[in-house]
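I opened the notebook for a new model today. My notes follow, in the order I looked things up.

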Amino acid sequence: MVTMQDYVYLMLSAALVNNVILARFLGLCSFMGVTTRWTPQSAWAWRRLRHHRLVNAQLAVEAYLLKPYDLLYLRTVTFILVIAALCSSPK
């Protein structure tokens, strides 16, 4: 028997965890250039910097926010938010 709670869980998982639009957003940072002079050396430098920042920020979010409050099911959403926050260039 399907209850109303099952429908709510299904809607939340579709909106937060299995969201196709949010999942496709993960690779956009590479395509949204932050520099006007592109060279292979600058591309490697940006890649290393971005990788370092994303890994450290996501580890901190997971260690201090997700694990203590048992919110590990929100890992993908927080990863997208970290990407959006760190990949935007200040003007």
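Where is Asp 70 found? I placed Asp 70 in the loop between α4 (40–66) and α5 (75–87). The model is predicted, and I kept that in mind throughout.

**Entry: Asp 70**

I looked up the backbone of Asp 70 next. Its phi is near 55°, a positive value in a residue other than glycine. Most residues other than glycine have a negative phi. I then checked the cover over Asp 70. The relative accessible area is 60%, so Asp 70 counts as exposed, the cut-off being over 50%.

**Entry: confidence**

The protein chain averages a pLDDT of 75. At least 70 is the score of 67% of the residues. Confidence is highest in helix α1 (residues 4–17), at a mean of 83. Helix α3 (residues 28–31) is where confidence is lowest, at a mean of 52. Where pLDDT is low, the predicted coordinates should not be read in detail.

**Entry: overall layout**

I went through the secondary structure. The protein chain has 5 helices and 0 strands. Along the sequence I read the pattern α-α-α-α-α. The chain has 91 residues, and 14% of them count as buried. The accessible surface comes to about 7500 Å². Carbon and sulfur atoms hold 68% of that surface.

**Entry: the salt bridge**

How many salt bridges does the structure hold? I found 1 salt bridge. The side chains of Glu 62 and Arg 75 meet in it, at 3.2 Å, N to O. The pair links distant parts of the chain, with Glu 62 in helix α4 and Arg 75 in helix α5, 13 residues apart.

I then asked myself about cover: is Glu 62 buried or exposed? Glu 62 has a relative accessible area of 15%, which is under 20%, so Glu 62 is buried. Arg 75 has 39% relative accessibility, so Arg 75 counts as partly exposed.

**Entry: Gln 58**

I stayed with helix α4, where Gln 58 is found. The relative accessible area of Gln 58 is 9%, so Gln 58 is buried. Which residues does Gln 58 contact, leaving aside its neighbours within four places in sequence? I listed Arg 75, Thr 78, Phe 79 and Val 82. Arg 75 had already come up as the salt-bridge partner of Glu 62.

**Entry: Ile 80**

I moved over to helix α5 to look up Ile 80. At a relative accessible area of 7%, Ile 80 is buried. I took the distance from Ile 80 back to Gln 58. The two are 22 residues apart in sequence and 9.7 Å apart in space, C-alpha to C-alpha.

**Entry: the nonpolar patch**

Last, I looked over the surface. Val 2, Met 4, Tyr 7, Val 8, Tyr 9, Leu 10, Met 11, Leu 12, Leu 16, Val 17 and Tyr 73 form a nonpolar patch there. Together they have about 1100 Å² of accessible area. Val 2 lies in the segment before α1. Its relative accessibility is 53%, so Val 2 counts as exposed.

Note on methods: Residues numbered from 1 in each chain as written. Predicted model: local features only at pLDDT ≥ 70, side-chain atom pairs only at ≥ 80, totals over all residues. Heavy atoms only, no water. pLDDT = per-residue confidence, 0-100. Helix = DSSP H or I, 4+ residues; strand = E, 2+ residues; numbered from the N terminus. Buried < 20%, exposed > 50% of the residue type's maximum accessible area, 1.4 Å probe, protein only. Salt bridge = Lys/Arg side-chain N within 4 Å of Asp/Glu carboxyl O. Contact = heavy atoms within 4.5 Å. Patch = residues over 30% accessible without salt bridge, like charges linked within 9 Å, V, L, I, M, F, W, Y side chains within 5 Å. Areas by Shrake-Rupley, 256 points an atom, 1.4 Å probe, with all protein chains shown as cover.
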